[in-house]
Amino acid sequence: MAAPEPARQAPPAHEVPPAHEVPPAYEAPRPETEAAERLTSSVTDASVGQAFTMLANTVLSNSPRTLEDLVQDMLRPMLKGWLDENLPPLVERLVRAEIERVARGR
């Protein structure tokens, strides 16, 4: 009588499958299930897309500035306010600490 074959076990969860078996991090929805899972209609998608296109064309046509330029302009007043409020006491505290360190002869 032959011994029964041991049952195959799945590999432990901590083992990584070979590269050709690793699923991609993100898979686009399959066309057959996409329609059932969509939250908006194609008319809404087109309308929203058109609105964003108009916004992009308006911003870019008025001034060919990059997003970096726009963010920099928005942050400049905030940074100026923070520096005006916090820089003088910060520098004063650091200068006093350095004067005390030098006066003690370190």
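Where does helix 3 bend, and which proline follows within four residues? In this predicted model, helix 3 bends by about 40° at Asn86, with Pro88 as the proline that follows within four residues; the bend at a residue is taken as the angle between axes fitted to the seven residues ending there and the seven starting there. Residues are numbered from 1 along each chain as its sequence is written, and side-chain values use heavy atoms, with hydrogens and water left out. Because the model is predicted, local features need pLDDT of at least 70 and side-chain atom pairs count only at pLDDT 80 or more, whereas totals for chains, interfaces and linings use all residues.

The secondary structure of the protein chain comes to three helices and zero strands, which read along the sequence as the pattern α-α-α; helices (H or I, at least four residues) and strands (E, at least two) are DSSP runs, numbered from the N terminus. The mean pLDDT, which is the predictor's confidence in each residue from 0 to 100, is 77 for the protein chain, and 60% of the residues score at least 70. Confidence is lowest in helix 1, at a mean of 61, and highest in helix 3, at 93. Where pLDDT is low, the predicted coordinates should not be read in detail.

Of the 106 residues of the protein chain, 0% count as buried, where buried means under 20% relative accessible area, exposed over 50%, and partly exposed in between (1.4 Å probe, protein chains only). The protein chain exposes about 10,400 Å², of which carbon and sulfur atoms supply 62%; accessible areas come from the Shrake-Rupley method with a 1.4 Å probe, and for residues only the protein chains shown count as cover. A nonpolar surface patch of about 790 Å² is made by Leu79, Trp82, Leu83, Leu87, Leu90, Val91, Leu94, Val95 and Ile99. Patches are made of residues with over 30% relative accessible area and no salt bridge, like charges being joined within 9 Å and nonpolar side chains (Val, Leu, Ile, Met, Phe, Trp, Tyr) within 5 Å. One of the patch residues, Leu94, is placed in helix 3 (residues 67-103) and counts as partly exposed because its relative accessibility is 49%.

With a salt bridge defined as a side-chain nitrogen of Lys or Arg within 4 Å of a carboxyl oxygen of Asp or Glu, the count comes to four. Among them, Glu92 pairs with Arg96, the closest N and O atoms being 2.7 Å apart, and these residues, being four residues apart in helix 3, are separated by about one helical turn. Glu92 is partly exposed at 42% relative accessibility, whereas Arg96 is exposed at 52%. A salt bridge also links Glu98 with Arg101, with closest N and O atoms 2.5 Å apart; as they are three residues apart in helix 3, about one helical turn separates them. Both count as partly exposed, Glu98 with a relative accessible area of 38% and Arg101 with one of 33%.

Arg38 lies in the loop between helix 1 (31-37) and helix 2 (42-62), and forms a salt bridge with Asp45 in which the closest N and O atoms are 1.9 Å apart. Arg38 is partly exposed at 33% relative accessibility, as is Asp45 at 35%. A polar atom of the Arg38 side chain also lies 3.4 Å from the backbone oxygen of Thr40. Just after helix 3, Gly105 takes a positive phi of about 85°.

How values were computed
Polar contact = N/O pair within 3.5 Å; in protein donor to acceptor, adjacent residues only side chain to side chain.
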